[in-house]
Amino acid sequence: MGVTDRVWGALTSMIKLEDKVVRQNEAIKTQQAKIENLTERVIKLETTLELLMRASDLKKLK
């Protein structure tokens with residue numbers, strides 16, 4: 001029974017490990033989506049800031 005128990009334990013460990021990997025992969029995908037969303041928002045803010053700075057420079061020249 002010792003060999004059978006070790007084989008069963010190894011299979012159980014592999015299944016648990018696979019489940020952890022799948023859950024980690026899902027968490028990474030969620031985090032990646034959040035990062036991409038934040039990156040888009042930062043780009044929009046940078047663009048708005050740059051446009052406002054250029055507009056204020058134009059007003060100073062006039």
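Arg54 counts as exposed, at 53% relative accessibility. In this predicted model, the side chain of Arg54 meets that of Glu50 in a salt bridge, with 2.8 Å from N to O. Glu50 counts as partly exposed, at 42% relative accessibility. The two residues are four apart in helix H1, so about one helical turn separates Glu50 from Arg54.

**Salt bridges**

Side chains of opposite charge can pair when their charged atoms come close. The count for this model comes to two salt bridges. Besides the pair of Glu50 and Arg54, Asp19 forms a salt bridge with Arg23, and the closest N and O atoms of that pair are 3.1 Å apart. Asp19 and Arg23 also stand four residues apart in helix H1, and therefore about one helical turn lies between them. The accessibilities of the four residues are set out below.

| Residue | Relative accessible area | Class |
|---|---|---|
| Asp19 | 40% | partly exposed |
| Arg23 | 47% | partly exposed |
| Glu50 | 42% | partly exposed |
| Arg54 | 53% | exposed |

As to charge overall, the protein chain carries 12 positive and 9 negative side chains. The centres of these two sets lie 6 Å apart.

**Overall form**

The protein chain contains one helix and zero strands. Its radius of gyration is 27 Å, well over the 11 Å that the globule rule gives for 62 residues, so the chain is more spread out than a compact globule. The C-alpha trace spans about 90 × 10 × 5 Å along its principal axes. Helix H1 covers residues 2–61. Ser13 itself lies in helix H1 and is partly exposed, with a relative accessible area of 44%.

**Surface**

Of the 62 residues of the protein chain, 0% count as buried. The chain exposes about 6,300 Å², and carbon and sulfur atoms supply 64% of that area. A nonpolar surface patch of about 570 Å² is made by Val3, Val7, Trp8, Leu11 and Met14. One of these residues, Val7, lies in helix H1. Val7 counts as partly exposed because its relative accessibility is 46%, a value between the 20% under which a residue is buried and the 50% over which a residue is exposed.

Note on methods. Residues numbered from 1 in each chain as written. Predicted model: local features only at pLDDT ≥ 70, side-chain atom pairs only at ≥ 80, totals over all residues. Heavy atoms only, no water. Patch = residues over 30% accessible without salt bridge, like charges linked within 9 Å, V, L, I, M, F, W, Y side chains within 5 Å. Areas by Shrake-Rupley, 256 points an atom, 1.4 Å probe, with all protein chains shown as cover. Salt bridge = Lys/Arg side-chain N within 4 Å of Asp/Glu carboxyl O. Buried < 20%, exposed > 50% of the residue type's maximum accessible area, 1.4 Å probe, protein only. Rg over C-alpha atoms; globule rule 2.2 N^0.38 Å. Lys, Arg positive; Asp, Glu negative; His and termini not counted. Charge placed at Lys NZ, Arg CZ, Asp CG, Glu CD.
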